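Good morning, and thank you for coming.

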Amino acid sequence: MRRSIPGKLAYASYGIGGFPHLIMELLSQAAKIQMLHVPYKAAPMTDVISGQVQLMAEPAASAIPMIKAGKVRAIAFTGPKRHAQFPDLPAVVERYPEVVSFGWHGLWAPAGVPGEIVQRLNAELTRITRSPEVTMKIQELGSEPLSATPEAMSSMVRAETKKWGELIRAKSITVD
């Protein structure tokens, strides 16, 4: 990345404060480069394809078809390791260990739900997630099937909240 022309490298996002914006700000901070953020109210992929904007962070599920069609070039993956479908594509974490993020979903219940119900729900969701049919579908979408204990999920949420909160405060990011 070029440090000699600060602000000339532009990246698109789906708007201020979303994952694509935050991961690019984290990369900018780690690489010590200044990039121009171009927030969109709609999907910015068309402007990346046409060259109006040079970069964007995009979820694997929607980026993979564009990569395979030759419409965009994958530069790096933001997950904790290389992507299974693109083993030759470097992960950003290989150069910048603090720049790691991936999309995840959680199942939430009210705080008063009894522990045995939480454990049973977690066990059933883990079983479903690890079933061959669901695993295959998740992988087809460019994702990796994951499961965690409620305690591990709580720990991850705390760590993610801390990491992104620090970045948001350091960059004075506000949502419009």
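First, a word on the source. This is a predicted model, in which local features need pLDDT of at least 70 and side-chain atom pairs count only at pLDDT 80 or more, while totals for chains, interfaces and linings use all residues. Residues are numbered from 1 along each chain as its sequence is written, and side-chain values use heavy atoms, with hydrogens and water left out.

The chain has six helices and three strands. By definition, helices (H or I, at least four residues) and strands (E, at least two) are DSSP runs, numbered from the N terminus. Starting there, the order of elements is β-α-β-α-β-α-α-α-α. Along the principal axes, the C-alpha atoms fill a box of roughly 55 × 40 × 30 Å. Of the 176 residues, 31% count as buried; buried means under 20% relative accessible area, exposed over 50%, and partly exposed in between, with a 1.4 Å probe and protein chains only.

Two strands pair if DSSP finds at least two bridges between them, and β1 (residues 10-13) pairs with β3 over two bridges. Within this pair, Ala 12 stands opposite Met 56 of β3.

The nonpolar cores come next. In soluble globular proteins, nonpolar side chains tend to be buried together. A nonpolar core is a set of buried Ala, Val, Leu, Ile, Met, Phe, Trp, Tyr and Cys residues joined through side-chain atoms within 4.5 Å. The largest one has 18 residues, and Ile 23, Met 24 and Trp 164 are among those with the most contacts inside it. Both α1 and α6 (150-170) supply at least two residues of this core, and the largest share, seven residues, comes from α1. Another core lies apart from it, with eight residues that include Ala 10, Met 45, Met 56 and Val 72.

Val 72 brings us to the loop between α3 (60-68) and α4 (115-129). Is Val 72 buried or exposed? It counts as buried because its relative accessibility is 18%. Leaving aside neighbours within four places in sequence, Val 72 is in contact with Met 45, Val 48, Ile 49, Met 66 and Ile 67.

Arg 82 is found in the loop between α3 and α4 as well. With a relative accessible area of 35%, Arg 82 is partly exposed. Which side chain does the side chain of Arg 82 meet in a polar contact? The partner is the side chain of Glu 94, at 2.7 Å. A polar contact is a pair of N or O atoms within 3.5 Å; within protein, one must be able to donate a hydrogen and the other to accept it, and residues adjacent in sequence count only if both atoms are side-chain atoms.

Thank you for your attention.

Technical notes: Contact = heavy atoms within 4.5 Å.
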